[in-house]
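Dear colleague,

Here is the structure you are taking over. My notes on what was found in it follow below.

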Amino acid sequence: MRRATFSTLLTAGALLATGSATAGGWYQEPSVRLRTGFDDNIRLRSSDPQEDFVTTLQGDGLFGYRTETESAALKLKAEANQYQQQDGLNKENLFADLNLDHNGERNSFGLLTSLHRDTTLQSELETTGRVDDNLRVTRQLLQPSFEHSFAERWVGSVGASYSEVEYEDRVGSSLTDYRYVTAQTALQYRVSEDRSFTGTLFATRYTPTDFDFISRGQGVSFGWQERFSPSLTGSLSVGARKDKSERTFFGLQIEDESSGAQFDAALEKSWQRWRLNLNLGRSTDPSGDGSLIQRDRLGGTASYDWSERVRLIFNANHLDIQQTNDLASLSSNDRRYLTFAPGIEWRVERNWTARFDYRYRQNRFLDQGDEAESNALFVSISYLWPSPLGSSGQGKPL
């Protein structure tokens, strides 16, 4: 899987780089960012918290091609972290995402593939919360999709995804590699340009590496999407899911079943200077704990254009995480994770942007009576290189 993902991304990068020599339809947006700051609990520990200064150098690149019927976008990001005292945290992170789309008169095809390489200190916060060991993590994703318009108002689609997660040097830790496969089919009815309804059937398969364990799930959901006005959009999806898990102990097979509701709601609103995005939902997701987890989430982002060059930003998220069964992971890892981060962004010049951020994090393991908090301050400066080609329309560093 990793070799295929590397080959796909490298081939796409070569094609996009070659094509960028011509102006028509091509765009590129390279940028660089330097960030430095202080965190009073780097590893988010409840005991023996460790404070430190960290400096991060990050390079981004968005390279793409688009026409009326086709689009290709390759997003690359590399970052190097330098801690003043915690030398074991000085690691580099790499991220690559490729998105291909082809839209015909009645049919459309899509392909998303990604390769992310970071550490548990970053990517495990919203799943298992096991960040203390700071292990290397490689995440790969391959996600094709197909959509067909049966009539003016009816649209059918099918899709699948294959993800694989690997932890380096995990011996002695509580984490396990795993694979997660999903398949779904959906039917959408477009009442108008501003309103639509969708019904979806889906199936999943979760297999951790370190256990003779497998979990299969299936479910259904019904969704509604609405554009109330040019500045207000909303969506709501509700459904149900059932999972069946099997594990073999010394030749004896044990089974467990679980079921529950799933939902997702989102609201986006913009004013002349304000922008607001709210989301609420419950989902069942894979994890490195050897078990599926149920995540209840509440989050939002808000921004206010103080002036033409100054913007105020606020992000907040709350996650309530529970294991769906105990067949694979015998120790409970139910917890709550909270983070909020206000900031100020100042566009110094056309391509230069400075930013100041405060970040608060709280990690509470419910069954263990264990709680950790972290406060951090950061200052950063970004530069977006002028491009002789077109722009993706974002108009700012990634």
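**Arg273 and its surroundings**

In this predicted model, the side chain of Arg273 reaches the backbone oxygen of Trp306 at 3.3 Å. Residues are numbered from 1 along each chain as its sequence is written, and side-chain values use heavy atoms, with hydrogens and water left out. Local features need pLDDT of at least 70, side-chain atom pairs count only at pLDDT 80 or more, and totals for chains, interfaces and linings use all residues.

Arg273 lies in the loop between β12 (252-270) and β13 (strands are DSSP runs of E, at least two residues, numbered from the N terminus). Its relative accessible area is 39%, so Arg273 is partly exposed (buried is under 20%, exposed over 50%, partly exposed in between, with a 1.4 Å probe and protein chains only). Apart from neighbours within four places in sequence, Arg273 is in contact (heavy atoms within 4.5 Å) with Ser303, Tyr304, Asp305 and Trp306. Tyr304 is 31 residues from Arg273 in sequence, yet their C-alpha atoms are 5.5 Å apart.

**Strand β13**

Asp285 is in strand β13 and counts as buried because its relative accessibility is 16%. The side chains of Asp285 and Ser283 are joined by a polar contact of 2.8 Å (N or O atoms within 3.5 Å, one able to donate a hydrogen and the other to accept it; residues adjacent in sequence count only if both atoms are side-chain atoms). Leaving aside neighbours within four places in sequence, Asp285 is also in contact with Leu292, Ile293 and Arg295.

Leu276 is in strand β13 too; Leu276 is partly exposed, because its relative accessibility is 31%.

Regards

Definitions and conventions. Helices (H or I, at least four residues) and strands (E, at least two) are DSSP runs, numbered from the N terminus.
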